[in-house]
Amino acid sequence: MPAATGAVGVMGGTFDPIHLGHLVAASEVAHRFGLSEVCFVPTGQPWQKSDRKVSDAVHRHAMTLIATASDPRFTVSTVDIDRPGPTYTVDTLRDLRATVGPDRPLAFITGADALNQILTWRDHDEVLRLARLIGVSRPGHRLTPPPVDGASVSLIEIPALAISSSDIRARVADGRPIRYLVPDGVDHYIAKTGLYRDDV
Ligand code: NAP
């Protein structure tokens with residue numbers, strides 16, 4: 001099999017759970033920026049959010065695999081799950097650079113909100129050297145460019161990102177349907193494992 005070539009999107013997120021907005025965003029960014037592959041990278045554990053406990057990485061990884069399986073452009077990496085301690089994007093990009101080799105440009109894709117905090121990220125200068133940054137946001141969200149060199153940062157509104165992981169978790173906890181908001185396989189996985197049922 002020939003070695004993969006072309007630019008790689010690195011889609012970083014908690015994916016708790018992954019939903020159709022994430023998939024549409026990855027597909028749209030791949031098209032607009034000519035990426036031959038988008039690698040989904042679920043964040044690692046331990047990873048405590050201030051307001052809630054994040055689901056076990058085993059579940060978030062499984063749902064990401066299920067959701068991306070049918071698209072040949074999409075791959076999944078466990079670099080952030082396998083590395084102990086909190087996830088820093090500089091480590092994600094170093095690990096993926098080593099995996100894909102020196103010749104394929106990297107584009108780090110994530111929520112525009114998260115990207116806006118880039119100046120607080122560990123070694124953010126190196127993050128900017130390792131990859132171009134693409135922030136995706138939901139409709140109506142004010143797109144404020146992060147205060148870094150504009151040439152390496154792009155912001156894109158993705159209408160399908162009206163779907164959010166927090167709304168899906170709330171729906172499951174309330175017994176409301178999530179069909180058509182997540183791939184069927186992810187819907188079935190959540191029902192089978194009981195994820196989010198006891199979220200308050
Ligand atoms: P988050 O705070 O959970 O999410 C912030 C917002 O962005 C939410 O509205 C979320 O919507 C959205 N979002 C997150 N990832 C997305 C994606 N890939 N595509 C579209 N929307 C997305 O953010 P997070 O998941 O913790 O962090 C996002 C990425 O930034 C991760 O790869 C993380 O490692 C990295 N990060 C790095 C540092 C650092 O290096 N110091 C600090 C913070 C974040 P949904 O909930 O619907 O996804």
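This briefing looks at one helix and at several salt bridges in the structure shown above. The model is predicted, so local features are taken from residues with pLDDT of at least 70 and side-chain atom pairs count only at pLDDT 80 or more, while totals for chains, interfaces and linings use all residues. Residues are numbered from 1 along each chain as its sequence is written, and side-chain values use heavy atoms, with hydrogens and water left out.

- Helices are DSSP runs of H or I with at least four residues, numbered from the N terminus, and helix H8 covers residues 184-193.
- The buried residues of H8 are Val 186, Asp 187, Tyr 189 and Ile 190, where buried means under 20% relative accessible area, exposed means over 50%, and partly exposed lies in between (1.4 Å probe, protein chains only).
- Seen down the helix axis, these buried residues fall within an arc of 165°, so they line one face of H8; the arc is that of the directions from the helix axis to the C-beta atoms.
- The face of H8 turned away from that buried side carries His 188 and Lys 192, which are exposed.
- On the buried side, the residues of H8 pack against helix H2 (57-68) and helix H7 (165-174), with contact meaning heavy atoms within 4.5 Å.
- Just after H8 comes Gly 194, which takes a positive phi of about 80°.

**Salt bridges within helices**

- A salt bridge is a side-chain nitrogen of Lys or Arg within 4 Å of a carboxyl oxygen of Asp or Glu, and by this rule the count comes to 10.
- In helix H4 (residues 89-100), Arg 94 and Asp 91 lie 3 residues apart, about one turn of the helix, and they form a salt bridge whose closest N and O atoms are 3.4 Å apart.
- Of this pair, Arg 94 is partly exposed at a relative accessible area of 35%, whereas Asp 91 counts as buried at 17%.
- In helix H7, Arg 171 and Asp 167 are 4 residues apart, again about one turn of the helix, and the closest N and O atoms of their salt bridge are 3.2 Å apart.

- Salt bridges that share partners join Asp 91, Arg 94, Asp 123 and Glu 126 into one network.
- The side chains of Asp 71 and Arg 73 also meet in a salt bridge, at 2.8 Å from N to O.
- Here Asp 71 counts as buried at 17% relative accessibility, while Arg 73 is partly exposed with a relative accessible area of 28%.

Terms used
Helices (H or I, at least four residues) and strands (E, at least two) are DSSP runs, numbered from the N terminus.
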